[in-house]
Amino acid sequence: MVDAKSIIENALKEGRNFLLEPEAKTLCRIYGLPVTKFKVAKNLSEVKQYAEEIGYPIVLKIVSPDILHKSDVGGVVINIRNEEELVQAYNRIMNNVKEKASNARIYGILVQEFAPPGREVIVGVAKDPQFKHVIMFGLGGIFVEILKDVTFRVLPITRDDAEAMIKEIRGYHVLVGYRGQPPADVQSIVDIMLRVSKLINDFPSISQLDLNPIIVYEKGAKIIDARIILESE
Ligand code: ADP
Ligand code: MG
């Protein structure tokens, strides 16, 4: 098992100030955060093998230190239901990347569990002008991009802080359920925020963290994408 410290050291040694999605998710997993199941494949035959192990439906994503926004270059295919679709998706991603990011180094293909739709939230961390880590919480999609319905606290936070943050966004009713919708598992978001607080406390050299989106279900939650930026010394 890799340890948290060596994931960060390895990235810095490679001259990167950011973690690749599988590295960021491994770090998250060490801290008990509910990331999607995943494996990094080196070729199509490994992609097939890992898809069987994880179980369909599957998601494929490109893993490259030169591609930060994977879907911008056609590097993500979701909801792949069988091996025939898997081969098509693999070829499509490879062609897209060759076309749109021809010089990108490819480290592998991320094979991961497909998370069914649900209510989307985001948890982020950034450093404020006084160099304090600030945690952000909001609902995903238009709620954060257009309505700016987000809330902040300086880290570390307590359970009471996390619960208060979730309650103070305007879209809180979306989480607790309306029009007959059952409530989302708010405690699973609280748990994520507390684990993020611990992670940042242990690794203050993380300058930015984005868990975006997190899908919250009636029971539990899944982190779909994780991005971590490190302070370059
Ligand atoms: P990007 O680098 O472009 O941000 P993401 O990993 O966020 O790539 O994937 C793009 C989008 O695809 C996500 O915002 C989400 O809507 C969808 N997606 C990605 N991974 C999964 C997954 N495991 N299950 C379900 N949907 C996913
Ligand atoms: Mg993303």
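The notes below cover the ligand, then the two pockets.

This is a predicted model. Ligand 1 sits in the largest pocket, and 18 residues surround this ligand.

**Ligand 1 and its surroundings**
- A polar side-chain atom of Lys 61 lies 2.7 Å from an oxygen atom of the ligand, and an N or O atom in the side chain of Asp 225 is 2.9 Å from an oxygen atom of the ligand.
- Ala 115 takes part through its backbone, with a polar atom there 2.8 Å from a nitrogen atom of ligand 1.
- On its own, ligand 1 has 540 Å² of accessible area, and the protein covers 80% of that.
- The shell around ligand 1 has eight nonpolar, six charged and four polar residues.
- Strands β3 (58-63), β4 (76-80) and β5 (108-113) each supply at least two residues of this shell.

**The largest pocket**
- This pocket holds about 470 Å³ of space.
- Its lining counts 22 residues, and Lys 61, Val 76, Ile 78, Pro 213 and Ile 224 lie nearest the centre.
- β9 (206-216) is among the strands that supply at least two lining residues; with three residues, β9 gives the most.

**The second largest pocket**
- Here the volume is about 190 Å³.
- Among the residues lining this pocket are Met 1, Asn 10, Pro 22 and Arg 29.
- Helices α1 (4-13) and α2 (21-30) each give two or more residues to the lining, and α2 gives the most, with four.

Technical notes. Residues numbered from 1 in each chain as written. Chains lettered and ligands numbered in written order. Predicted model: local features only at pLDDT ≥ 70, side-chain atom pairs only at ≥ 80, totals over all residues. Heavy atoms only, no water. Near = heavy atom within 4 Å. Polar contact = N/O pair within 3.5 Å; in protein donor to acceptor, adjacent residues only side chain to side chain. Areas by Shrake-Rupley, 256 points an atom, 1.4 Å probe, with all protein chains shown as cover. 1 Å grid on protein atoms, 1.4 Å probe; cavity = no way out; pocket = protein on both sides within 12 Å on 5 of 7 lines; lining within 4 Å. Sits in = over half its atoms within 2 Å of the grid points. Nonpolar A, V, L, I, M, F, W, Y, C, P; charged D, E, K, R; others polar. Points joined across faces, edges and corners; volume = space filled by probe spheres on them.
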